[in-house]
Amino acid sequence: MEISPSQCRAARALLDWSQAQLSAASKVATKTLADFERSKRTPYDRTLADVRAALEAAGVIFVEENGEGPGVRLRKQL
């Protein structure tokens, strides 16, 4: 599943992460993240996979299109 700029922004908001924090966690340049979130560029698939992996490791679940559009939520804390 591909992630959208809005899903990336929403995921960061759920975690209360800055772009710099996501950059550190994903090893993706802050400028790349900023451009992606503003829909100014589409990073390589591998780059988006690194971003998604970092967000998922922090507890984000990416929700597929379900008639209402794709989204994000946080995994339950155990």
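Analyst: Happy to. Two strands count as paired if DSSP finds at least two bridges between them. Please keep in mind throughout that this is a predicted model.

Let's begin with the pairing itself. Strand β1, residues 60-63, runs antiparallel to strand β2, residues 71-74, and four bridges join them. Within this pair, F62 stands opposite V72 of β2.

Buried here means under 20% relative accessible area.

Where do the side chains of V60 and F62 lead us? Both belong to the largest nonpolar core, which has 15 residues; together with I3, L22, V51 and L55, they touch the most other members. Strand β1 is among the elements that give two or more residues to this core, and the others are α1 (5-15), α3 (30-37) and α4 (45-57). Helix α4 gives the most, with four residues.

Setting aside neighbours within four places in sequence, V60 is in contact with A11, L15, L55, V72, R73 and L74. Of these, A11 and L15 lie in the range of α1, and L55 in that of α4.

Stepping back, how does the strand pair sit in the overall order? The protein has four helices and two strands, and along the sequence they follow the pattern α-α-α-α-β-β. UniProt, in an unreviewed entry, lists residues 9-62 as "domain: HTH cro/C1-type". That stretch is 67% helix and 6% strand, and its end C-alpha atoms are 12 Å apart.

Finally, some whole-chain values give this part its setting. For 78 residues, a compact globule would have a radius of gyration near 12 Å, and the protein agrees because its value is 12 Å. The C-alpha trace spans about 30 × 30 × 20 Å along its principal axes. Buried residues make up 38% of the 78. Among contacts between residues at least 6 apart in sequence, 47% join residues at least 24 apart. The accessible surface comes to about 5000 Å², with 50% of it belonging to carbon and sulfur atoms.

Methods
Residues numbered from 1 in each chain as written. Predicted model: local features only at pLDDT ≥ 70, side-chain atom pairs only at ≥ 80, totals over all residues. Heavy atoms only, no water. UniProt positions renumbered as here; feature names shortened; annotations may be inferred. Rg over C-alpha atoms; globule rule 2.2 N^0.38 Å. Buried < 20%, exposed > 50% of the residue type's maximum accessible area, 1.4 Å probe, protein only. Contact = heavy atoms within 4.5 Å. Areas by Shrake-Rupley, 256 points an atom, 1.4 Å probe, with all protein chains shown as cover. Core = buried A, V, L, I, M, F, W, Y, C linked by side-chain atoms within 4.5 Å.
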